[in-house]
Each structure stands twice: as structure tokens, then as C-alpha cells.
Amino acid sequence: MKNRRYVLPGIVLGIMGIAAPVAAQEAEPAAGEAESGLAGQPFDFPHDVHAGENQIDCQYCHFSAERSMNAGIPPIANCMGCHAFVAGSEDTGAIDTLRGYAERGEAIAWDRIYKVADHVQFPHMRHIAAGVECASCHGDVQEIRVIEELNQPLTMGFCVGCHIEQGASRDCTVCHY
């Protein structure tokens with residue numbers, strides 16, 4: 001099954017600036033983009049190799065987690081710091097795809113896996129500062145080949161349960177602001 005990206009319906013300006021509707025279109029993956037077993041991802045990123053075998057700390061790649069609301073996605077330059085020289089022991093196809101993105105100067109179009117509801121704020125930096133381990137919400141990624149949302153979705157009950165267990169604030173405005 002091929003990864004497909006879709007161009008959503010919209011309005012474009014045609015000849016002489018006349019607005020014309022555009023229907024949804026199926027788009028092929030970008031040149032050099034590998035197929036992934038995880039729907040929507042450009043390729044399977046092996047967290048078990050990076051965080052497990054190579055023991056790379058979460059915050060090396062997700063460096064904004066300690067100072068931002070979001071953990072962030074690392075820029076491709078981070079990846080190429082090693083992969084300009086290291087081929088990878090298992091899947092050189094993914095490394096070739098990665099190098100293709102770098103050569104084109106193109107950001108990798110990852111699909112977000114973890115997302116809380118739009119009316120909820122999850123400040124990563126506060127949780128890191130409080131000593132909450134990434135695995136508390138994301139699981140033991142050093143043992144997970146390709147990241148998927150945990151069996152326990154990030155619901156209000158999940159979060160409140162942790163706040164009760166850790167003695168953290170349960171004031172609604174802590175997360176809903």
C-alpha cells in the first residue's frame with residue numbers, strides 16, 4: 001500500500017485572476033520518499049535503535065521539550081549529524097530517504113502521533129522540570145520499533161490520575177487556559 005498525501009479542496013486563482021474551485025486530489029509521495037508500515041509516515045523511524053541500542057536521550061532529538069509547550073520534531077540537520085557518515089545497521093532504504101530529504105533541503109513531513117484535545121494545553125517543559133519521565137506518557141520508546149500511541153490514550157482521566165498520584169495540581173486552569 002502506497003503512502004498518499006492529499007491536496008484538499010480549495011480555491012485557486014486561474015488565468016486572469018479568476019477564482020476557480022479545485023477538487024481533492026491524490027498526490028504521490030515525494031521523490032525518494034519510502035513507504036512506511038505506519039499510515040501517513042514518510043518512513044519508519046526506529047526509536048528502539050536510536051533510544052535503545054544507541055542510548056540517545058529523548059531530549060537530544062526533542063530538544064525543545066525542556067523549554068517549550070511542545071517537544072518538537074528535530075530538524076533534519078540533527079539526523080544528518082550522524083547519518084552523513086553512518087549508514088545504519090538494518091534499513092539503508094530509510095537512511096537513503098533521509099539523505100534525500102537533506103539533499104533537497106526539505107523537512108520530513110511526519111504525521112503527529114500524540115495530540116491532546118484542542119482545548120487542552122500540555123506544557124512539556126513543566127513536566128520535564130517536575131521530573132516526569134517521557135515514558136510516563138510515551139511508553140518505553142527504547143523498546144518500541146515504530147512509535148504508536150499507547151494503548152492508554154492521553155485522556156483527561158489519564159492525566160488527572162497521574163496528577164493525583166504525583167500530588168500535582170488538579171485546578172482546571174492548569175491545563176485548560
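Trainee: Among contacts in the chain with a separation of 6 or more, what share comes from residues 24 or more positions apart?

Mentor: Keep in mind that this is a predicted model. Contact here means heavy atoms within 4.5 Å. Among contacts with a separation of 6 or more, the share from residues 24 or more positions apart is 55%.

Trainee: In what pattern do the helices and strands follow along the sequence?

Mentor: Start with the counts: the chain has seven helices and four strands. Reading along the sequence gives the order β-β-β-β-α-α-α-α-α-α-α.

Trainee: What percentage of the chain's residues count as buried?

Mentor: Buried means under 20% relative accessible area. The chain has 177 residues. The part of them that counts as buried is 22%.

Trainee: How much of the accessible surface of the chain belongs to carbon and sulfur atoms?

Mentor: Take the total before the share. The accessible surface comes to about 11800 Å². Carbon and sulfur atoms hold 58%.

Trainee: Within what arc do the buried residues of α3 fall, seen down its axis?

Mentor: Helix α3 covers residues 76-83, and its buried residues are Ile76, Cys79, Met80 and His83. They line one face of the helix, because seen down the axis of α3 they fall within an arc of 95°.

Trainee: What covers the buried residues of α3?

Mentor: Recall the residues in question: Ile76, Cys79, Met80 and His83. Their cover includes two other helices, α1 (47-53) and α4 (92-104).

Trainee: Which residues make the nonpolar surface patch of about 280 Å²?

Mentor: Begin with valine 160, in helix α7 (residues 156-166). A patch residue needs over 30% relative accessible area. Valine 160 has 31%, so it counts as partly exposed. The patch is made by Met156, Val160 and Ile164.

Trainee: How far apart are the closest N and O atoms of arginine 67 and glutamate 66?

Mentor: Arginine 67 is exposed, with a relative accessible area of 56%. Glutamate 66 is partly exposed, at 47%. A salt bridge needs a nitrogen within 4 Å of a carboxyl oxygen. This pair forms one, its closest N and O atoms being apart by 3.8 Å.

Trainee: Which residue meets glutamate 106 in a salt bridge?

Mentor: Glutamate 106 is partly exposed, with a relative accessible area of 28%. The N to O distance is 2.7 Å, and the partner is arginine 104.

Trainee: Is aspartate 118 buried or exposed?

Mentor: Aspartate 118 forms a salt bridge with lysine 115, the closest N and O atoms being 2.7 Å apart. Lysine 115 is partly exposed, with a relative accessible area of 48%. Exposed means over 50%. Aspartate 118 has 67% relative accessibility, so it counts as exposed.

Trainee: How many aromatic pairs are there, and what is the geometry of phenylalanine 45 with tryptophan 110?

Mentor: The count comes to two aromatic pairs. In one of them, phenylalanine 45 and tryptophan 110 lie 6.5 Å apart, centre to centre, with 85° between the planes. Planes over 60 degrees apart count as edge-to-face. The pair is therefore edge-to-face.

Trainee: How many residues apart are phenylalanine 45 and tryptophan 110?

Mentor: Phenylalanine 45 is in the loop between β4 (25-27) and α1. Tryptophan 110 is in the loop between α4 and α5 (124-129).

Trainee: Which residues do ring pairs link into a cluster?

Mentor: Two members are partly exposed: phenylalanine 45 at 21% and tryptophan 110 at 26%. The cluster consists of Phe43, Phe45 and Trp110.

Definitions and conventions: Residues are numbered from 1 along each chain as its sequence is written. This is a predicted model: local features need pLDDT of at least 70, side-chain atom pairs count only at pLDDT 80 or more; totals for chains, interfaces and linings use all residues. Side-chain values use heavy atoms; hydrogens and water are left out. Buried means under 20% relative accessible area, exposed over 50%, partly exposed in between (1.4 Å probe, protein chains only). Accessible areas come from the Shrake-Rupley method with a 1.4 Å probe; for residues, only the protein chains shown count as cover. Patches are made of residues with over 30% relative accessible area and no salt bridge: like charges are joined within 9 Å, nonpolar side chains (Val, Leu, Ile, Met, Phe, Trp, Tyr) within 5 Å. A salt bridge is a side-chain nitrogen of Lys or Arg within 4 Å of a carboxyl oxygen of Asp or Glu. The arc is that of the directions from the helix axis to the C-beta atoms. Rings of Phe, Tyr and Trp (its six-membered ring) pair if their centres lie within 6.5 Å; planes under 30 degrees apart count as stacked, over 60 as edge-to-face and the rest as tilted.
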